[in-house]
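Please take a look at the sequence and the structure below. We will go through a few of the features that can be read from the atoms, step by step.

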Amino acid sequence: MEKSGFVIFQRLNYSKTNIHYGLESLSANELESFHSIAHTFGYSKVIKKGWFLTAFDSPNISSNFNSPVNFDELHLLGVVLISKLIIKKKNLILNLGGMYSSQINFPVPIPIAGLLWKPDVKWNIDIGFPKLTVNYQVSSSTSLGENLFEEWEN
């Protein structure tokens, strides 16, 4: 929905991963198939002079669903960004903000600082802290990419 300079967006993602280790033990059977379901709900608004605010949350469940879901299989990602297109001709966007993820081993917000570069409609390159992401859109339904994210141990 778009109205008066703001956008509300949502996305539902589902993925299934099949793993075959070639082992015939009970633990291998429990690890054969994982399902991941995430719902993202967000808001983006122009604030002033080319700056805009984006915030979203994305609860996720990742499980084999062979037993009752436990708390470790539930995850939350929340992000707040302030962004500005700094070089329009080169599609270069500055992002500043913070994120919270329950998948990191300590419950504190993490600062975000980065540059998003879109050299054309198929490529997205996001360079910054805490991640580096490179994506290529092969077709309207397929993208290839790499997301490098540092995980901290406590």
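W123 has 33% relative accessibility, so it counts as partly exposed. That label sits between two others: buried means under 20% relative accessible area and exposed means over 50%, with a 1.4 Å probe and protein chains only. This is a predicted model, in which local features need pLDDT of at least 70 and side-chain atom pairs count only at pLDDT 80 or more, while totals for chains, interfaces and linings use all residues. Residues are numbered from 1 along each chain as its sequence is written, and side-chain values use heavy atoms, leaving out hydrogens and water.

How many aromatic pairs does a search of the whole structure find? There are two. In one of them, the ring centres of W123 and Y136 are 4.8 Å apart and the planes meet at 50°, so the pair is tilted. W123 belongs to strand β8 and Y136 to strand β9 (residues 131-139), so the pair ties together parts that are 13 residues apart in sequence. Rings of Phe, Tyr and Trp (its six-membered ring) pair if their centres lie within 6.5 Å; planes under 30 degrees apart are stacked, over 60 edge-to-face, and the rest tilted. Y136, at 28% relative accessibility, also counts as partly exposed.

## Strands side by side

Strands here are DSSP runs (E, at least two residues), as helices are (H or I, at least four), and they are numbered from the N terminus. Two strands pair if DSSP finds at least two bridges between them. β8 and β9 run antiparallel and are joined by five bridges, with I127 opposite L132 in β9. One residue separates β8 and β9 in their hairpin.

On to β7: this strand pairs with strand β8 (residues 123-129) in the antiparallel sense over five bridges, and a hairpin of five residues joins β7 to β8. G114 stands opposite G128 in β8, and W117 faces I125 in β8. Strand β6 (residues 92-101) also pairs with β7, again antiparallel, over eight bridges; here L92 stands opposite W117.

The largest nonpolar core has six residues: V79, L81, M99, I104, I110 and I112. Such a core is a set of buried Ala, Val, Leu, Ile, Met, Phe, Trp, Tyr and Cys residues joined through side-chain atoms within 4.5 Å. β5 and β7 are the elements that give two or more residues to this core.

L12, Y14, I37, F65, V69, F71 and L74 make a nonpolar surface patch of about 740 Å². L74 lies in strand β5 (residues 74-87) and, at 42% relative accessibility, counts as partly exposed. Patches use residues with over 30% relative accessible area and no salt bridge, joining nonpolar side chains (Val, Leu, Ile, Met, Phe, Trp, Tyr) within 5 Å and like charges within 9 Å. A salt bridge is a side-chain nitrogen of Lys or Arg within 4 Å of a carboxyl oxygen of Asp or Glu.

Methods
Areas by Shrake-Rupley, 256 points an atom, 1.4 Å probe, with all protein chains shown as cover.
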